[in-house]
Amino acid sequence: MPKVWAAVLLSVSLWLPQPAWAITLEQVPNPRRQYGGWVSDTADILSSSTENELNRLLTQLEQRTTAEMAVVTVPNTQGYATPKAFTTQLFNYWGIGKAGRNNGVLFLISVGDRRVEIETGRGLATILPNSRVQQIIDQHILPKFRNRDFDGGTLAGVRQLTAVLQGQPVAEVQASSALSPAAVPRADGGEALAVAQGLLEGSLLLLGILLLGLGWRRSRLPVYLKAERGGAKVLSLTRREQGTTAAFSSLQSAPIRRLLYPGSLCLGLFLMSVSGNWLVLVLPFLAVVTTDGILGSKRGIPFQPVVCQSCGRPLRPIQPQVLDKQLPPAHRLAKSQRRARYYGWFCPACQGMAVVVREGTSCRHLYCPRCQALTLDLTTQILQEATYSSSGLKLEILTCPICQYRSERTVVIPPLRDSDSERDSGSTSDSSDRDSDRDFGGGSSDGGGAGGSW
């Protein structure tokens, strides 16, 4: 009997103006708290079998991806600016999605407004953009809703959304349904496409060969290093120094990567377009990266020959064990702490040694101006704690155990952001109002998603 009255009220609400009463956020039952499900059919438009299937799909979605999706039906959204505003507020009120990931979705149906709103968390902007949501609404939900098939439209929309979130192939509406086959000129269009494809493949081939040739030619240019007795001067491959050849040396390996890598990619793209095999795109790139890594770890300068600046003869690499004994104490300390890699070359004619260093990018701030090496130790003292409303201060102390160098600087700590800890601390103040009504993961939304009317 209640189902009969609900059907009568629903049919009347579809054709008559909206009723005078309205529903609030607090009056919408939270399905997670109510029965551990995901569907809250307040407007009573979904059958029991549809609710069971929706709960099954959404439970499976949460188990596989941790994403949370709620399906809510309401009689209307009176009292709020728009149905979209009601949906966004309900999403954030329940906290749909996991905290920090913000991977929640709210599928809301307002019967009185004849409106569908799908709200997405800010963490789903890439995998489920607004355009994709709008496409699902227009192609899979609204056509069924216009025929009063709320069960079919809701199921179709949820299946599409869960498929996208799980990375599964989804059904698409064929473009040929909007354009007749006769409207597309097949013969001329096919010939033009073949010509364009041939030009593209030829261009990619020529570009790949050109870049590979330039890269190989550049790789044979020698690197001139000044071999000195004792090798006291250490030149940097990653940090430019005025008055030395380190700036020249630091430029040798970077252009090779800029030339060889794009060249390999362009050549791989051409081969891929011909054979249709994605492996030929990956293999040339991996070959260059592997070669660069092997030679770079052994020589510091991956491809070019190293030549003595004084006599012009090739330099011989120095074994790491021998080089360690020749390094100054500061550089030996930096190497032992794995802050930099050192490479040495020996000139048999000049009986001199040249040493270069490749500093780690994450340790640049530990460079000692006296020792000319990465020997500084960093200690931090908190002077003022940062809060959510104000910034803090901390004192950074840099000391060198080799030359006893010391420097201090005060750094501003930015205010704390809206994170999980803020959510947890904020929930203590209103736990009596929110925690009892929010058994979702604690996600949030900034208004992403789409909607449509039937």
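These legends describe close-up views of a predicted model.

**View 1. Five strands build an open sheet.** The sheet has 5 strands, in the order E1-E2-E3-E4-E14. Their pairing is mixed. Strand E1 (39-41) and strand E14 (448-453) stand at the edges. Each has a single partner strand, so one side of each is left without a neighbour in the sheet. From one strand to the next, the twist averages 10°.

View 2. Strand E4 covers residues 115-120. The strands E4 and E14 run antiparallel, joined by 6 bridges. Within this pair, Glu-117 stands opposite Gly-451 in E14.

**View 3. Helix H3 lies across two strands of the sheet.** Helix H3 spans residues 48-65. The strands it lies across are E1 and E2 (68-74). Helix H3 runs at about 155° to E2.

View 4. Helix H5 spans residues 130-145. It lies across strand E3 (104-110), E4 and E14. Its angle to E14 is about 25°.

**View 5. Asp-44 has a positive phi.** This residue lies in the loop between E1 and H3. The phi of Asp-44 is near 60°, a positive value in a residue other than glycine. Asp-44 counts as partly exposed because its relative accessibility is 30%, between the cut-offs of 20% and 50%.

**View 6. Gln-372 sits in a loop between two strands.** The loop runs between strand E10 (352-359) and strand E11 (377-384). Gln-372, a residue other than glycine, has a positive phi near 60°. At 36% relative accessibility, Gln-372 is partly exposed.

Conventions
Residues numbered from 1 in each chain as written. Predicted model: local features only at pLDDT ≥ 70, side-chain atom pairs only at ≥ 80, totals over all residues. Heavy atoms only, no water. Pairing = 2+ DSSP bridges. Helix = DSSP H or I, 4+ residues; strand = E, 2+ residues; numbered from the N terminus. Axes fitted to C-alpha atoms, helices over the stretch in contact; angles between N-to-C directions. Contact = heavy atoms within 4.5 Å. Buried < 20%, exposed > 50% of the residue type's maximum accessible area, 1.4 Å probe, protein only.
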